[in-house]
2 protein chains.
Amino acid sequence: MENVKIIALRESVFEDNNADAKLLRQELSDKGCFLINLMSAPGSGKTSTLRALLPLLSKELSVAVMEADIDSSVDAEAIARCGVKAIQLHTGGMCHLDADMCRQGLRALAYEEFDLVILENVGNLVCPAEFDTGAHLNMTILSVPEGHDKPLKYPLMYESCGLLVVNKTDVLPYFDFDMDKLREYALMRNPNIEIIPISAKTGEGIASLAELILKKVKST
Amino acid sequence: MENVKIIALRESVFEDNNADAKLLRQELSDKGCFLINLMSAPGSGKTSTLRALLPLLSKELSVAVMEADIDSSVDAEAIARCGVKAIQLHTGGMCHLDADMCRQGLRALAYEEFDLVILENVGNLVCPAEFDTGAHLNMTILSVPEGHDKPLKYPLMYESCGLLVVNKTDVLPYFDFDMDKLREYALMRNPNIEIIPISAKTGEGIASLAELILKKVKST
């Protein structure tokens, strides 16, 4: 598709990713751009959640999306079809993005034009949680079919995220998913995590999620 | 639980994992032990598929399971409750296992006593596919809720696996999952991949899967 630019990311040269991420976060704040790092397992519904959210966020903010994938550009194309600026980042096999890889995408996007940029990280509950991308907010999605035990098995993801979206609530009747246990396990990893159940498919909870994100962006 | 041993894996010192994996595979073959490396995204149902399969496999073979996780030992406990020997491998934050980490688990298990050992790898569609563990068969599970587009996004996983299990077929009516497209995309990555749809929950397809695995073990 014509409206999707594909950026092949270079491996980073910085040894201290935490320091680099801090610099990037400050630079973004100075330019008035809020960055969200959206992470989840493959198939949790990152792209479909964004497609449901973007029309609400775009009413009040100028928004762009960076889609990170090892290969393919199906996600960026899906986002671009919402009328939102999207670029595709190819990680060249890498399982995560660090701050400098994120910076390469932001520059290609000309991030200064946007109030909010959302990075859709590689679908992976392990490695992305280890790397600060420079984002102001780390957000993760857990979908009902994956099960409520994930915070027990992937602790760092839940420790590093301020917002946990529980997606696919429309299929709750067909799975043995215990929302109370999920809350208990997630709060055990991070007592400050905010938890919002949604269904990107039916639209349930999307308005609350948009409201929460808008509040966070505006208060920064 | 008393019957689950937990092994903390050390990082490997071998530079050439491919050569090391080849050595391990030969050693296992010499001792008559078949090793399966089971990989998938988090929540695809690796453990529940094993729990459905193990009673059928155990009728004809002596079987043991190595459960790899970053943290927790819930999976090994679940397997041990089936009456099958299980050990838990803790990767210490590592997102995958290589051949030497696998070897550490096999030795702790005393693998020579078993005809078949199944390694349940860390839930991750990216990194585990990059490392040959020494297994005779790489097997991956994709669950219906994750979507049929995964072979487009995670090419190496499908290229490296000889067997693709499509789990959670019981919820096909509730998801926009196209089995024909999945077949097309998976075969595009690997023309020799065998595809078996199952439901670990209802038991559909489990007998066919057990039969296929038994055939592979016995013909090696």
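## Salt bridges in a predicted model

Asp20(B) is buried, with a relative accessibility of 5% (buried means under 20% relative accessible area, exposed over 50%, partly exposed in between, using a 1.4 Å probe and protein chains only). This is a predicted model, where local features need pLDDT of at least 70 and side-chain atom pairs count only at pLDDT 80 or more, while totals for chains, interfaces and linings use all residues. Residues are numbered from 1 along each chain as its sequence is written, chains are lettered from A and ligands numbered from 1 in the order in which they are written, and side-chain values use heavy atoms, with hydrogens and water left out.

Let's turn to the charged pairs. Over all chains, the whole structure holds 18 salt bridges (a side-chain nitrogen of Lys or Arg within 4 Å of a carboxyl oxygen of Asp or Glu).

| Salt bridge | Closest N and O atoms |
|---|---|
| Lys218(A) and Glu60(A) | 2.3 Å |
| Asp149(A) and Lys150(A) | 2.7 Å |
| Asp20(B) and Arg103(B) | 2.8 Å |

Asp20(B) sits in helix α1 and Arg103(B) in helix α4 of chain B, 83 residues apart (helices are DSSP runs of H or I with at least four residues, numbered from the N terminus). Arg103(B) is buried at 10% relative accessibility. Elsewhere, salt bridges with shared partners join Asp75(A), Asp149(B), Lys150(B) and Lys153(B) into one network.

Lys150(A) is buried at 3% relative accessibility.

Methods:
Helix = DSSP H or I, 4+ residues; strand = E, 2+ residues; numbered from the N terminus.
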